[in-house]
Amino acid sequence: MLAQCQPKQTITLDGVHYNKSHFQGEELPDFVHQSSFHFDVYQLIKAWFSDSPTIEILTSGSTSNSPKALHADRTMMVNSVKYTQDFFQLKAGDTALLNLPLGYIAGTMVVIRALVIGMDLHIVPCCGRPLEEACLSPQIPLTFASMTPLQIYNSLRHESDKARLATIKNLIVVGGPIDAKTEKILRTFPNNIYSTYGMAETLTHIAFRRISGSHASDRYMPLEQVFLSLNSAGALVINAPLVAAQPVSTKDLAEIFADGSFKLLGRIDNVINSGSIKVSAEYIEGLLQPVIEGMFAISSIADPKFGQAIVLVTEKEVNIRLVNQCLPDYYRPKKVIQLDKIPLTKTEKINRGLIKQLLHNATLENGNGLNADSYLKT
């Protein structure tokens, strides 16, 4: 059963207690003046303390340039908090880190959890290294934190940040999957680290996958009263009545096992049909992780021979011989394109829609298409 809790009329921010009245008068509380991000936190808390039955959030925009607004039901947001509270045994007075953009579900729910549970929320304006001493005092112990794969990647490359990462009692990875090399490092960590699965429509995570320790797994396990099925295309359908009024049809291809756990296989809209052979962009990326340094992505362009030609988009030069050695013939990229920077969405997912548009525009400009040694500069 989910924990029973009522949203608090107070909140603790960076060790300072505030009550509801601080967010209803004309005078702004002191913390607001620290940064524009702090003001965004104030606005969200003010909205929570209002009489509105919903809170506006945005979808991530991972497959387009135009995230859409959703209006989340407050009761269901509390249910989502209870899921997390039960799973990690969180309680009032625990410390939580806020370092994710607000407006999107992951960052929004960090604040809502603090409000509902009574956690002490430590605010770090969004940055690539939230655990850096200049951003967060090393004297503050963290019970719970949500971080993106990029923030974790950056933290592992600085010894002080890496050491701090290992002290977070409960750490969840949000916004997308981490790469195999990073996951291998995190497996040796002593704390509880989980990859999450969820979306705006389910008010953040509805399943967890253990990354650290001896119980690490490659499968996600859904939470209580979350029921999963596959549609005719093999994509997940989520029935989670506590956090979503209607079943949610996803574009995530998956395999469901007898114990209810599941593996993600990629997204329908990231399936490339090359020479009548359908391949998943994410699956190819997983195979390439051991041989490519830095950010990269698999995409495609229109091709008169193959229909769609697989394209490897990178930030650094790659050894194409190593690339080809670890891929079957029909998974090998027909083109290799270099960008100054792989475009990301505001939630730090690969912006696949923008990459496809860049490739399409470059193809048109070049007339006869892109050569294997062509390079794009953004």
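Reader: In which sense do strand β5 and strand β6 pair, and over how many bridges?

Author: Please bear in mind that this is a predicted model. Strands of a sheet pair through backbone hydrogen bonds, either parallel or antiparallel. In this structure, β5 (residues 95-98) and β6 (residues 120-123) pair in the parallel sense, with four bridges between them. One place to look is A96, which stands opposite L121 in β6.

Reader: What is the order of the strands in the open sheet of nine strands?

Author: The order is β2-β1-β6-β5-β7-β8-β9-β10-β11, and the pairing in this open sheet is mixed. At the edges stand β2 (16-19) and β11 (221-222); each has a single partner strand, so one side of each is left without a neighbour in the sheet.

Reader: How do β1 and β2 run, and how many bridges join them?

Author: Strand β1 (residues 10-13) and β2 run antiparallel and are joined by four bridges. T10 has N19 in β2 as its bridge partner. The two strands form a hairpin with two residues between them. In the turn of that hairpin, D14 has a positive phi of about 50°.

Reader: Which strands make up the open sheet of four strands, and in what order?

Author: That sheet has the order β12-β13-β14-β15, and its pairing is antiparallel. Its edges are β12 (227-230) and β15 (262-267), each with a single partner strand, so one side of each is left without a neighbour in the sheet. On average, neighbouring strands of this sheet are turned by 50° against each other, direction ignored.

Reader: How many bridges join β13 to β14, and how many join β14 to β15?

Author: Strand β13 (residues 235-239) and strand β14 (residues 248-256) run antiparallel and are joined by three bridges. To follow this pairing, find A235, which stands opposite L253 in β14, and then I238, whose bridge partner in β14 is V248. Five bridges join β14 to β15, and these strands also run antiparallel. Here I256 has F262 in β15 as its bridge partner. β14 and β15 form a hairpin with five residues between them, and G260 in the turn has a positive phi of about 95°.

Reader: Let us turn to helices. At roughly what angle do the axes of α1 and α3 cross, and within what distance do they come?

Author: Two packed helices are described by the angle between their axes and the distance between the axes. The axes of helix α1 (residues 36-48) and helix α3 (residues 105-118) cross at roughly 55° and come within 11 Å. α1 and α3 are therefore oblique to each other. Their crossing is right-handed.

Reader: Finally, how many residues line the second largest pocket, and which lie nearest its centre?

Author: Rolling a probe the size of a water molecule over the atoms shows where empty space is left. The second largest pocket holds about 210 Å³ of space. Its lining has 15 residues, and nearest its centre lie H71, E201, V243, A244 and A245. Strand β4 (residues 69-73) gives the largest share of this lining, four residues.

Key. Residues are numbered from 1 along each chain as its sequence is written. This is a predicted model: local features need pLDDT of at least 70, side-chain atom pairs count only at pLDDT 80 or more; totals for chains, interfaces and linings use all residues. Side-chain values use heavy atoms; hydrogens and water are left out. Two strands pair if DSSP finds at least two bridges between them. Axes are lines fitted to C-alpha atoms, for helices over the stretch in contact, and angles run from 0 to 180 degrees between N-to-C directions. On a 1 Å grid over the protein atoms alone, a cavity is a set of points where a 1.4 Å probe fits but cannot get out, and a pocket is an open set with protein on both sides within 12 Å along at least five of seven lines; lining residues have an atom within 4 Å of a point. Grid points are joined across faces, edges and corners, and a volume is the space filled by probe spheres set on the points. Angles under 35 degrees count as roughly parallel, over 145 as roughly antiparallel, 65 to 115 as roughly perpendicular and the rest as oblique. A crossing is left-handed if the near helix is turned anticlockwise from the far one by less than a right angle, and right-handed if clockwise.
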